[in-house]
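User: Hi! I am new to protein models and would like to explore this one with you. Could we go through it step by step?

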Amino acid sequence: MNLDSARQAFIEEVAELLQTMEDALLTLEQNPADPESLNDVFRAMHTIKGTGGVFGYTPVVEFTHTVETLMDQVRSGQMMLTKPLIETLFECRDHTLALIDFIAADATGDAPLSPDLQRAGDALLARLGHVPPPTPTAVPVLNFDAPTYLPEANDLWMISLEFKADAFRHGMDPLSFLRYLSSLGDLVHVVTLLPLAFIDSEHFDPESCYLSFGIAFRSDADKRTIAGVFEFADEDCEIRILEPDSAHNRYVDLLEATPHDQINCMGDLLVSIGAITPFELVRALKIQEDSSQVLDGTEPAAKRRLGDILVEQGSIKSGVVEQAVKTQETARSKRQEDNRIIRVDAQRLGHLIDLVGELVTSSAAIRVMVKRAGIDNMNEVVDGVDYLVSEIRDNALQLRMVAIGESLSRFRRVVRDASQELGKLIDLVITGGETELDKTVVEKIIDPLTHLIRNAVDHGIEEPMVRQKADKLTTGTIHLNAYHDSGHIVIEIEDDGAGLDAARIRAKAEAKGLVKPDEVLTREEILRLIFAPGLSTKEQATSLSGRGVGMDVVRRNIEALRGTVELDSTLGVGTKITIILPLTLAIIEGFLVGAGRDQYVIPLSQVAECVEMTATATLKQHGEHYINLRGEVLPFIRLTDLFHNADWHRATNQRESLVVVRFGHHKMGLVVDTLLGELQTVIKPLGKLFERLRGVAGATILGTGDIALILDVAELAAIGQVPRHVAAKH
Amino acid sequence: MGQLVVSKQAARSGRDLNDEVTQYLTFSVADERLAMSITAVKEIIETPQVTRVPMTPDYIRGVINLRGNVVPVVDLGARLGRGALTLTKRSCIVLVEVQVGEEDRHVLGMLVDEVKNILDIPPQDVKPPPEFGSEIRTDFIEAMGRVEDIFVIILSVDHVLSVQELASLRHFTDDHVADVEH
């Protein structure tokens, strides 16, 4: 048994449990009586205590035990869940995390707790009203002189543990299991057994384990919980757990009540009602398999029944098996398949999507080859393959789509903590949580979002007093909204706080030398200055934000995802930040155009329309080009001008086309030489070397094997705007 | 010329056989014979279609499709201040693996006029670079190698193809773009 991987599993499990606990606490804050959430908190603490006990992490066990006890009292109504108590529970959760972090950082796992942690833990326990016991946790005294039989009682669990010789060498400590077992109930009696033919001192190996235990145990816990105590000893110990008679009766009742559509096979059935543990089932199934193999040669008909094996193994009593068989038989005809969810390694999905990308490129290559070879009757086949490939592509990408809601709900804690620290009243409203996007994008958007939300709490929403004076509700609202829009996901963060003061931003930017005093900027441009490096309007930096790094990092992170961020704010009314992101980073629908000697891809989702370009409709002003598009004035960029790649062989009077693209709320025209049509575009990153190149989002490989660059429309527009500032200065 | 593929393994085992001698790949750029240590060389290919990347300095020749991967190509002539190379039948791209940051490795192509051969230069024939008198930036020169009484410049690949430097130049930013419309 690999203890390190077990420890890793433990740490991961704890992280999940603590997340559940946090969510539950947040719910309890709104609704202190919610029974499901109370249970969640209790269960989290209980499970952490349990698993921690197996590893012998005494500080974790002691701490979580107290919290668990308290939650039990709350659950049973002996104690009121007050606001301060919830507050303390939040801190308990954080402290548990700190304890686990401490363990994770400590390779040996038995270093003493740092004094700081110890003090913090004690302080929290004191607030919970727990007085630390004067003596260390009571360890059951193992009395070797006691009579070697177990008391007969029908309300006791009978547990037999036979450790294998290698148990010590694998790092097992039988005592720690007993100690932990005692936290689930009463160890009524423990008998320590030695092998019948005890090895004489000459052959005695002090590193081998010769011990077995018989335990009579009184507890209300179910079998799975009790078996969970020994989960980590599976491989080094023969474990038999026999339930008390009372439990036995309960199993029979449960079997009768089990809905028929949930019954699959005997083993699963027994596990589902808690009569046996999954491990016992696996062991019995193995015996069944082995025995049938042996018998196959001589007496093929006799395959042993699972139930018989289980009874023989001492996992279960025969009455339960009989009932289970009955239930199983009545259900067999009505069985139906469940909708199942499979968890898949993200890396495997990534690999699949890479392969699909190659497939898309290859199928485009086939189309080119067929066209060149002029094989007409292959067109239909190629069309069929193309259709299938695009279906496969969509499905493969769909596999990696996740709803954004789960990631957004973590901000409830962020807002809660931040607002308490600042003494503000803030509601976080989340809508559109079901909106789906690529998991790889979700992971990368969390950091920038966290920053923006902290900003909204810190700079946006005002203190209750200030809000009252301004005739606003004392409780501020931050609205987090997500929705799909033309191949993109839009995430909005809107607060009803103080808003941004354009004049102050400008003053600050001038002071920092970011803009010149005589520069003419639109309101929008001034607001966008907060995305410039080194600008923070809050005079005093708080622990949350305001250090002047951040907004530019936010913008960079979002742009690295080929996204854009927009900002709108009204002084005294609030601020709205809109983030627009592509749904995926892997494959997009593109629109291929030719300009000069090269070909470029424009994301199809951004293409509004294509029109023929006529020279008469254009006009030039301040170095910028405009076209009159059905009465609308549209700025445009001629790609060959911008990229200096005009094809001199091309006749000057040849027609050009205008591709109208939109990004955010803006529209712009791109003048190109030829329109080459839609294209499934597999995005290939350009790599570090082109990190600072603007206007190009990546590259893709065409069916011909040539490379076409993917244009970043928003950045091109920004580049196209530069001459105007230059012109404005003259 | 056919495809001359030099795998790293071959280069290494060559070194193991005779630890004293380091192998160098020699090639010509703008009529000058240059060398570089062979350990960084991944392979050498004939020049395929190179796609230009707009708004980049002239030493960025463009990108090529190397078995489905997009690989940037540096024009060694322009990089060494000899002006952009003209493609001929003998033009080759030497693919080199360079270190980026702590762990990242990056494959870059290096456009040269002609690949000559692989030379063994014993350490006693490798001399430190001259402090002046060379037309090539001094930090680009790792050493001078004597081959039959002629000195060949051994390039420092890490400096010539420093991704950080190649990527950070002003040409990539607005300054360059600002004069586009004028």
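User: What is the mean pLDDT of chain A?

Analyst: Let's begin with the share of residues that do well: 75% of the residues in chain A reach 70 or more. Averaged over the chain, the pLDDT of chain A is 76.

User: Which strand of chain A has the highest confidence?

Analyst: Confidence in chain A is lowest in helix α23 (residues 713-729), where the mean is 61. At the other end of the scale, a mean of 92 belongs to strand β22 (residues 707-711) of chain A.

User: How many contacts beyond four places in sequence does the model have for residues 539-548 of chain A?

Analyst: Take care with this part, as pLDDT stays under 50 over residues 539-548 of chain A. Where pLDDT is low, the predicted coordinates should not be read in detail. Residues 333-338 of chain A also stay under 50, and the model has 5 such contacts for them. For residues 539-548 of chain A, the number is 20.

User: And chain B: what percentage of its residues score at least 70?

Analyst: The average pLDDT of chain B is 78. Some stretches fall below 50, including residues 1-18 of chain B, with 18 contacts beyond near neighbours in sequence, and residues 171-182 of chain B, with 21. The share of chain B residues that score at least 70 is 80%.

User: Are α13(A) and α14(A) roughly parallel or antiparallel?

Analyst: Look at helix α13 (residues 346-373) and helix α14 (residues 379-399) of chain A: their axes come within 10 Å and cross at roughly 160 degrees. Angles over 145 degrees count as roughly antiparallel. Therefore α13(A) and α14(A) are roughly antiparallel.

User: How many nonpolar residues are in the contact of α13(A) with α14(A)?

Analyst: Among the residues that meet are A:L349, A:I353 and A:V356 from α13(A), and A:V382, A:V385 and A:V389 from α14(A). By class, this contact of α13(A) with α14(A) includes 2 polar and 3 charged residues, and its nonpolar residues number 15.

User: Is the crossing of α16(A) and α17(A) left-handed or right-handed?

Analyst: The axes of helix α16 (residues 411-422) and helix α17 (residues 439-460) of chain A come within 10 Å and cross at roughly 30 degrees. Angles under 35 degrees count as roughly parallel, so α16(A) is roughly parallel to α17(A). As for the handedness, the crossing of α16(A) and α17(A) is right-handed.

User: Last one: is A:L178 buried or exposed?

Analyst: You will find A:L178 in helix α6 (residues 174-181) of chain A. A residue counts as buried if 20 or more other C-beta atoms lie within 10 Å of its own. A:L178 has 21 other C-beta atoms within 10 Å, so A:L178 is buried.

Key
Residues numbered from 1 in each chain as written. Chains lettered and ligands numbered in written order. Predicted model: local features only at pLDDT ≥ 70, side-chain atom pairs only at ≥ 80, totals over all residues. Axes fitted to C-alpha atoms, helices over the stretch in contact; angles between N-to-C directions. Helix = DSSP H or I, 4+ residues; strand = E, 2+ residues; numbered from the N terminus. Parallel < 35°, antiparallel > 145°, perpendicular 65-115°, else oblique. Contact = placed C-beta atoms within 7 Å. Nonpolar A, V, L, I, M, F, W, Y, C, P; charged D, E, K, R; others polar. pLDDT = per-residue confidence, 0-100. Left-handed = near helix turned anticlockwise from the far one by under 90°. Buried ≥ 20, exposed ≤ 12 C-beta atoms within 10 Å, placed from the backbone.
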